[in-house]
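I opened my notebook to look up a few places in this structure. I wanted to see what sits beside what.

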Amino acid sequence: MIRISKLKHEARSTKHEYFYKFYLASCFLLLVSCKIAFAEVSIETSVSRSRLAVGEELTLDIIITNAQGGISRPTITSIDGFSSYSQGRSQEISIINGRTTSRNIFSYVLIANATGKKTIGPFEVDISGRNYKIAPVQVEVVPDTGYYPGSPSPSSSGQGPVYSPPSRALPSGDVSNQDIFVKAWLDKDEVYVNEPAVLTYTIYTRLSATYKGFDKEPVTTGFWVEDFPPEKTMKKTEQFFNGRRYVAADVRKAALFPTQAGVFTVDTGVISSTVEVRQQDDFDSFFSGNVFGRRGSAYPSFITTQIFQKTINPDKVILTVKALPEQGRPASFSGAVGDYRIENSIDKKEVEEGNPVTHRVRIIGQGNINTVQTPSLSKLENFKIYDSSSSANISKERLVVEGEKVTETVLVPKKAGTYTIPALDFSYFDPKTQSYKELKTAPQALTVRPGAVSAEEEPVNALGGVRPVEKEDVTLLSQDIRYIKTDGAASPRASAPLYRNSLYWVLNFVLVLLSAWFAAMGIRRERGMTDLKGGRLRRSHGAARKRLKSAAALLKKDKHDEFFAEIEKAMNVYFADKLNVSAQSVNADFLSEILGGRNIEPEILNEIRKLFDELAHGRFSSVQKGKDDMKDVYQRVDRLITRFEKVKLK
Amino acid sequence: MKISDVRHSESAKGGRRISKARSFASLRMTLIFSTLIFMVHCTFAWGGTQFTEANAKYQTGDFKGAAGIYEKLIQEGENSAAVYYNLANSYFRDGQKARALIAYERALSIVPRDPDIRWNIAVLKSALPDRLEPKNGNVFALWIREFVGPFTINEISSVLTGILALWILWAFLNLFFPVLKIWFGGIQAVTFALLITAAALFFFKWQEVRHPRVVVLDKEVSVRYGPSERETKAFTLHEGAQGAVMDETSDWVNVMLADKNSGWLPKKSCELI
C-alpha cells in the first residue's frame, strides 16, 4: 500500500507565481518539441503504508530523480505525532541508450505516537543550491490494536531531533513476544477428508535468532502427517507484520491429511530457539546490525551480545474438514482423495498352467498415497489368487505429497485356456473439481498352455479311474436374495395362534384335571395296597357294623346260635382289626392284657370282659337265652363298639 | 392396518373365516376333516393360475406387477407362506426394503424353518442401517431365542398339549394296568420333564410373540419420548427397523427395540408385521 504523491518539478517561487507557471509551461513545450537529452528533476514522496496504529512504524522514502549536482539532506523538521529516524541514503544511476537516470533515495522510519490524520511534510531540499519543495503525504494513525502486548513504546514525544537515537529499551533478560514469534498457519481453512492442508511454522524475528527445533511436537490426532523435508538453506524474507519489520523464515512444513470430518484444533506444539541480543543503545547500529543487514553504519559494533533461550508457543490452528459428498460417489470409491492415474500390467502374456503370473497395478498421483487402497482382483475362475503385496514410494518435493503405490498379485492358472484378467475399477475424489473421478485398468489377456506334467500323467487314468483333485471351499461370489417359490399349492397358510383360542385352554385344563384325577386314583389304590394295618383300622368299624347288622337280622329270625356266633365274630374281628392281630388270638385275657397298659377307662375293659364271658356262655351253654337277653347283648356290643371308636389307641 | 385388528384377528390382511370354524380347525381335533377341506380348497379355490402369472411377471422383471397380484391373492385369503415370500422378493427387487421385510417376517411366522426365507431376511437386514441387537445380551436368553426361533407358537402349543395327553395316558394305564408299574416309573419321569420343558418353551415363545411388531416404512423417522410431535426426540430410526409394540394411541405406537430402547413412533410411518 504505497501512496505516492508526486510533485513535479515545482520550484519554489514565492514572488512570481505567474512567472513560475509560465516557466513550467514553456519547459514542458520545450520537452515535448525538442526531446532534449536531459530529464528534469522530479521529487516523489512515498510511504510504506497510509494507515497505521500507534507504536507502529512506516517508512518514508524521498526519491529525487535526475538531480544534477549536489543534494543536501532534506530538511526534515520534527513531524507532528511521529518520532523519525533516518535510515540513510541510497543512490542509483542507470544509463539507458545514452540517457542517464539517477535516483537518490532518502529513507526515514517514522514511529507513530499519536492518533489522528497526520500530514507528513512538506519538507524542503536543496539541489544544486536550488530549493525544492517536497509534497506532503497524508497518513492516518489509529489507536493501538494491542495485538502484541508488551511492545516497547517508542520514545515519548517525537519532538526530539531527527537523527538522535531513541531512548529505546532493548529487552533484557526476557525477549518479548513482539521481537520474536512464530506463526503456525495452514494454507487452507477448509479441506475435504484426506485432502492435505499444509501446516507451516514461520518464525518472525527482529533479533538474531536461531531455530532449535520443537520442545513439544504438535499434537496431530485425527491426521495422517507427512513432514516435508527441511530446506537446505532456510529462505529468509523481510516482512512487515503489524507495521514492524521482521525477518521471516519457514522453519517447518508438514502436510496434514485429515482422516475424518469435523472441526479440528491442532495443538501446534512448542518451539525452542535461541536469541542473540546486543546490549546497545545505538539505534542506527541496531538497524544496521545482523538482523537485517541493511545499509551500513559508520558506528563500529562495540557491543556485547547476550544469548537467551526462548520457547515460543504458536497459536493453535483450526481446520474445518468436510466430509466427502455422498452424491455421485462411485461404488468402487475407497477413500482416495487427490489426483491419480492407474496403470496395470502382467509380466507374462503366455504361461503354462500351474505357473505364476504377476499382475501389477500402479497408482501414481498426488495425495496420501500410503492410504490409497488398490482395487483387488475378486475371485477369478480357474485361477488361484495369492495375497498381494504392495509398496509405496512417496516424494515430498515442492510442498506436494505425491508418489506411487505398486501392488503385485500372483495368479496361478489352474486350467489351460485363454483368459482375460478383468479391468479393475478405481475411483478418487478430486478436491480441485470437487468431483469423483472413475478410472479403469486395462483388461489383460492371458493365454494358458496345458502343462507338460499333467499330460504325462494322463495314461495312469486310461482305464477310467479317477484322480483325486484338491478340494476347495465353495465361496460365495456375491450376496443376493434367493429366488421365489414356484410351487405355492403345498405351502402352509397363516393360522391364528392357538394360545389366543379359549377352546385350546379349556382342552388343556380338562387334560390337567383328568391327569390329576387319574393320579389321585392311582395314589389311593397304591396306599390301600401297601398300608395293611391302616386299612384294617379304617375298615374295622364298618366291618363290625356290618356283622352287627347281620346279627340283628339273625336276632329277628330268632336264630340263637348263629346270632351269638355272629356277634362274637364281630367282636373278634373288630378288636383284631383295631389292634392288627389275628381274629383267633382275640379273647378277654388277651385284650385286657394289651389294653390294660393303655389309657382306657376301666369301665370299658370291664364291659369287654363281661361281654366276652357272656358270649362264650351264650354260645356254649345248653340253656338257650331269651330274646330279651339276646337284644341286651346286641345293644351292649353296639354301645361298646361305639364307645371304643372314641378311644384313642396308642 | 390397525394394530387392534391384528391383536384379535389373524395376521393376514382380511381374514375371512368365521371365528368358530377357525377355532375348531385350529384345534386340530378334526385333523382329517380339515385336511379334506384343505384339499378341496386347493382344488377349487387355490389361485394357482394367478400365482403362476405373478411368478412369470417376476421372472420378466415386472416386480411391481408381480407384487400387485401377490397382494391380491393375500387379500383373497391365499395367505400362504409361498405367496408372502414371493411378495417379499418382489418388494425387495422393487427397492421397498421395509415392505419386503414385513412380508418375509409374515412368511417366516408361518414356516419358521424355511432356509430361503431366513437367508433372504439375512441379506435384507445386511442392507439396513440400524443396528438392532440386544445390548449385553445374556447368553441363556440368546440361546433360548435361538432354540425357539425355528418353531411357531402353534407348534409349541400343540406339542405341549400332546405331551399333556401322553402324561394322562400313562396315568390311565398306571391305574388300570398296575402290572406295568415297573416300566412306567421312568417313562413318567421323562414325560414330566418333557412337559415342563414344553411349558417353558411355550412361555419363552409367548414372550417373543405376544407383542405385535412394527417395521419402519419411512426412510428416516424420529422416535419421541411421548405420543406427540411436541415431545423430545429420543432417537432416529431408519427404513426397516423393527420394534415390539408395547402401547398405542390413535396415531402413535410405543415401540421397544431389541436393545431395550423405547419410544413413540407415528403410526403412519410404520406397519405391523
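I first settled one term: contact means heavy atoms within 4.5 Å. I also noted that this is a predicted model.

**Entry 1: α5(B) and α6(B)**

I started with two helices of chain B. Helix α5 covers residues 63–75, and helix α6 covers residues 81–93. Which residues of α5(B) meet α6(B)? I listed B:F63, B:A66, B:A67, B:Y70, B:E71, B:L73 and B:I74. On the α6(B) side I found B:V83, B:Y84, B:N86, B:L87, B:S90, B:Y91 and B:R93. I sorted this contact by class and got 10 nonpolar, two polar and two charged residues.

Next I looked up the geometry. The axes of α5(B) and α6(B) are 9 Å apart, and the packing angle is about 150 degrees. Angles over 145 degrees count as roughly antiparallel. Therefore I wrote down α5(B) and α6(B) as roughly antiparallel to each other. Their crossing is left-handed.

**Entry 2: α6(B) and α8(B)**

I stayed with α6(B) and turned to helix α8 of chain B, residues 115–126. At what angle do the axes cross? I read roughly 25 degrees, with the axes coming within 11 Å. The cut-off for roughly parallel is under 35 degrees, so α6(B) is roughly parallel to α8(B). This crossing is left-handed.

From α6(B), the contact uses B:Y85, B:N89 and B:F92. From α8(B), it uses B:D116, B:I117, B:N120, B:V123 and B:L124. By class I noted five nonpolar, two polar and one charged residues.

**Entry 3: B:E239**

I then picked a loop residue in chain B. B:E239 lies between β3 (233–238) and β4 (242–248). Is B:E239 buried or exposed? Its relative accessible area is 12%. Buried means under 20%, so I marked B:E239 as buried.

I checked what surrounds B:E239. Leaving aside residues within four places in sequence, its contacts include B:G95, B:Q96, B:K97 and B:A98. Also among them are B:L128, B:P129, B:V216, B:L217, B:D218 and B:K219. The B:E239 side chain reaches the backbone nitrogen of B:A98 at 3.5 Å.

**Entry 4: A:V581**

Last, I moved to chain A. Where is A:V581? I found A:V581 in the loop between α6 (560–579) and α7 (588–596) of chain A. Not counting residues up to four places away in sequence, A:V581 touches A:R536, A:A576, A:V586 and A:F590. I followed up A:R536. A:R536 and A:V581 are 45 residues apart in sequence. Their C-alpha atoms are 10.0 Å apart in space.

Methods. Residues numbered from 1 in each chain as written. Chains lettered and ligands numbered in written order. Predicted model: local features only at pLDDT ≥ 70, side-chain atom pairs only at ≥ 80, totals over all residues. Heavy atoms only, no water. Helix = DSSP H or I, 4+ residues; strand = E, 2+ residues; numbered from the N terminus. Axes fitted to C-alpha atoms, helices over the stretch in contact; angles between N-to-C directions. Parallel < 35°, antiparallel > 145°, perpendicular 65-115°, else oblique. Left-handed = near helix turned anticlockwise from the far one by under 90°. Nonpolar A, V, L, I, M, F, W, Y, C, P; charged D, E, K, R; others polar. Buried < 20%, exposed > 50% of the residue type's maximum accessible area, 1.4 Å probe, protein only. Polar contact = N/O pair within 3.5 Å; in protein donor to acceptor, adjacent residues only side chain to side chain.
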